[in-house]
2 protein chains.
Amino acid sequence: MRIGELAARTGTTTRTLRYYESRGLLPARRDDLGHRTYDEGDVKLLRQIRTLQDFGFDLEETRPFVECLRAGHPEGDSCPASLAVYRRKLAELDALIGELQAVRATIAVRLASTDGEPPLCELGGQEL
Amino acid sequence: MRIGELAARTGTTTRTLRYYESRGLLPARRDDLGHRTYDEGDVKLLRQIRTLQDFGFDLEETRPFVECLRAGHPEGDSCPASLAVYRRKLAELDALIGELQAVRATIAVRLASTDGEPPLCELGGQEL
DNA sequence: CCTTGCCTTGACGTCGGCGTCAAGCCGTAC
DNA sequence: GTACGGCTTGACGCCGACGTCAAGGCAAGG
């Protein structure tokens, strides 16, 4: 299949596919007209990339998964390099979620101490 | 005080201060040499901006807080517009944290199902 | 006098992941 | 013939919050 069809089938754009190719992530064969051609394997690679992107992985982080699939594994996360990325991501997520929750709590306190009703709570409000 | 001193005192850079001014967030007076001058009030405004930035607010979102301080309020979040931003931010944070936790859980499951030890768990692993 | 240091404005660079436009080739339908 | 649709490469645009470089002014110190 050609680039337009692949884009349509995976909900992306031709621009995105060419960009991935420029990054060496999704190289394409060429037909006699010089047009890019793809097969079902590429569909799978692309779906893997998109799934990880949706998870917040950046492009470089998807590379081990793509290479794992290209190496013949049925799943992109069957390889040590992919699992390493998973572990790094878990740590990043835990750190980030923790920070966001701290910020959330801080804002909630500020809101509660300034908000509508009088101080019928015991949040240690310092007349802020 | 001049721009260099303000930057040093607040842990930012002169470039950042000029940028804030260009955004209309932190206008400066000028001395007879055309140099920017600031006072203690500006230190307070700047600290407010930086605090919110650290919380993940973008510059535009800090504007109501700055204007609130400039309007004479002792705290930047004493004004309705600031509280509205707080509430929007809380909602955004809740949504984001939820998504991140979902991603975290998904990754954790994938890790557990491919990782080291044999399937001594009951996560419904489909031989992935 | 000359250097050093702080200031000024202006403008281009950065990062990620593409969007969008331009110019041109190719095959097919009318 | 020609219009159209899909493909090609190349290159600039975008967003946010600045970093960095360039060229120049002004004052104090040796």
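In this predicted model, helices H1(A) and H3(A) are oblique to each other, because their axes cross at roughly 45° and angles count as roughly parallel under 35 degrees and as roughly perpendicular from 65 to 115. H1 of chain A covers residues 3–10 and H3 of chain A covers residues 40–54, and the two axes come within 11 Å. The crossing of H1(A) and H3(A) is right-handed. On the H1(A) side, the contact is formed by A:Leu6, A:Arg9 and A:Thr10. H3(A) contributes A:Glu40, A:Val43, A:Leu46 and A:Arg47. By class, three of these contact residues are nonpolar, one is polar and three are charged.

The axes of H1(B) and H2(B) come within 8 Å and cross at roughly 105°. H1(B) and H2(B) are therefore roughly perpendicular to each other. Here the contact joins B:Ile3, B:Gly4, B:Leu6 and B:Ala7 of H1(B) to B:Thr14, B:Leu17 and B:Arg18 of H2(B). This contact of H1(B) with H2(B) has four nonpolar residues, two polar ones and one charged one.

The next part concerns DNA strand C. There are 19 residues around DNA strand C, and those that come nearest are A:Thr13, A:Gln53, B:Gly4, B:Arg18 and B:Arg36. Of the atoms of DNA strand C that come within 4 Å of the protein, 71% belong to sugar and phosphate. The side chain of A:Arg15 places an N or O atom 3.0 Å from a base oxygen of DNA strand C. An N or O atom in the side chain of A:Tyr20 lies 3.0 Å from a phosphate oxygen of DNA strand C. For A:Arg50, a polar side-chain atom is 3.2 Å from a phosphate oxygen of DNA strand C. The elements that give two or more residues to the surface near DNA strand C are H2 (14–22) and H3 of chain A, along with H1 (3–10) and H2 (14–22) of chain B. H2(A) supplies the largest share of this surface, four residues. Five residues of the surface near DNA strand C are nonpolar, six are polar and eight are charged.

Sugar or phosphate accounts for 67% of the atoms of DNA strand D within 4 Å of the protein, and bases for the rest. H1 and H2 of chain A, together with H2 and H3 (40–54) of chain B, are the elements that give two or more residues to the surface near DNA strand D. The largest share, four residues, comes from H2(B). By class, the surface near DNA strand D has five nonpolar, six polar and eight charged residues.

Key: Residues numbered from 1 in each chain as written. Chains lettered and ligands numbered in written order. Predicted model: local features only at pLDDT ≥ 70, side-chain atom pairs only at ≥ 80, totals over all residues. Heavy atoms only, no water. Axes fitted to C-alpha atoms, helices over the stretch in contact; angles between N-to-C directions. Parallel < 35°, antiparallel > 145°, perpendicular 65-115°, else oblique. Left-handed = near helix turned anticlockwise from the far one by under 90°. Contact = heavy atoms within 4.5 Å. Nonpolar A, V, L, I, M, F, W, Y, C, P; charged D, E, K, R; others polar. Near = heavy atom within 4 Å. Polar contact = N/O pair within 3.5 Å; in protein donor to acceptor, adjacent residues only side chain to side chain.
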